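This report reads one structure from its overall fold down to a single residue. Please look over the sequence and the model first.

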Amino acid sequence: MINQPSVDLLIDRLGTDEQPASRYCLCVVAAKRARQILEKHAASGASPDEYLKEISEACKEIADGKIKYSKD
């Protein structure tokens with residue numbers, strides 16, 4: 001379970017006033033970003049001890065406002 005940052009904070013940061021995010025949307029976006037991070041780490045040859053867990057890194061990026069989503 002993720003405690004920091006909180007799920008409510010992640011949902012607020014991911015959504016906008018016009019397009020509020022749901023928990024499902026948060027899960028999809030975080031999982032997709034975590035897979036991208038995992039592929040990047042695998043390609044660079046870094047050992048797992050050298051980086052954060054992929055899902056933690058993805059959630060941190062969402063909390064920092066680096067990741068946004070758009071509804072197609």
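## Model and fold

This is a predicted model, in which local features need pLDDT of at least 70 and side-chain atom pairs count only at pLDDT 80 or more, while totals for chains, interfaces and linings use all residues. Residues are numbered from 1 along each chain as its sequence is written, and side-chain values use heavy atoms, with hydrogens and water left out.

The protein has 3 helices and 0 strands. Its pattern along the sequence is α-α-α. Helices (H or I, at least four residues) and strands (E, at least two) are DSSP runs, numbered from the N terminus. The C-alpha trace spans about 40 × 30 × 20 Å along its principal axes.

Of the 72 residues, 31% are buried. Buried means under 20% relative accessible area, exposed over 50%, and partly exposed in between, with a 1.4 Å probe and protein chains only.

Two packed helices are described by the angle between their axes and the distance between the axes. Axes here are lines fitted to C-alpha atoms, for helices over the stretch in contact, and angles run from 0 to 180 degrees between N-to-C directions.

α1 and α2 pack at about 85°, with axes 10 Å apart. α1 is therefore roughly perpendicular to α2. Angles under 35 degrees count as roughly parallel, over 145 as roughly antiparallel, 65 to 115 as roughly perpendicular and the rest as oblique. α1 contributes Val7, Asp8, Leu10, Ile11 and Leu14 to this contact, and α2 contributes Arg23, Cys25, Leu26 and Val29. These residues divide into 7 nonpolar, no polar and 2 charged. Ala, Val, Leu, Ile, Met, Phe, Trp, Tyr, Cys and Pro count as nonpolar, Asp, Glu, Lys and Arg as charged, and the others, Gly among them, as polar.

The axes of α1 and α3 come within 8 Å and cross at roughly 55°. That makes α1 oblique to α3. Leu9, Leu10, Arg13 and Leu14 of α1 meet Cys59, Ile62 and Ala63 of α3. This contact has 6 nonpolar residues, no polar and 1 charged.

## Helix α3 and alanine 58

Helix α3 runs over residues 54–63 and is mostly covered, with 7 of its 10 residues buried. They are Glu54, Glu57, Ala58, Cys59, Glu61, Ile62 and Ala63. Their cover includes α1 (7–14) and α2 (23–44). Just after α3, glycine 65 takes a positive phi of about 85°.

Alanine 58 lies in α3. Its relative accessibility is 0%, so alanine 58 counts as buried. Leaving out residues up to four places away in sequence, alanine 58 touches Ala30, Arg33, Ala34 and Ile37. Alanine 30 is 28 residues away in sequence, yet the C-alpha to C-alpha distance is 5.7 Å.

## The largest pocket

The largest pocket has a volume of about 150 Å³. Val28, Val29, Lys32, Arg33, Gln36, Ile67, Lys68 and Tyr69 line the pocket. The lining divides into 4 nonpolar, 1 polar and 3 charged residues.

On a 1 Å grid over the protein atoms alone, a cavity is a set of points where a 1.4 Å probe fits but cannot get out; a pocket is an open set with protein on both sides within 12 Å along at least five of seven lines, and lining residues have an atom within 4 Å of a point. Points are joined across faces, edges and corners, and a volume is the space filled by probe spheres set on them.

Key
Contact means heavy atoms within 4.5 Å.
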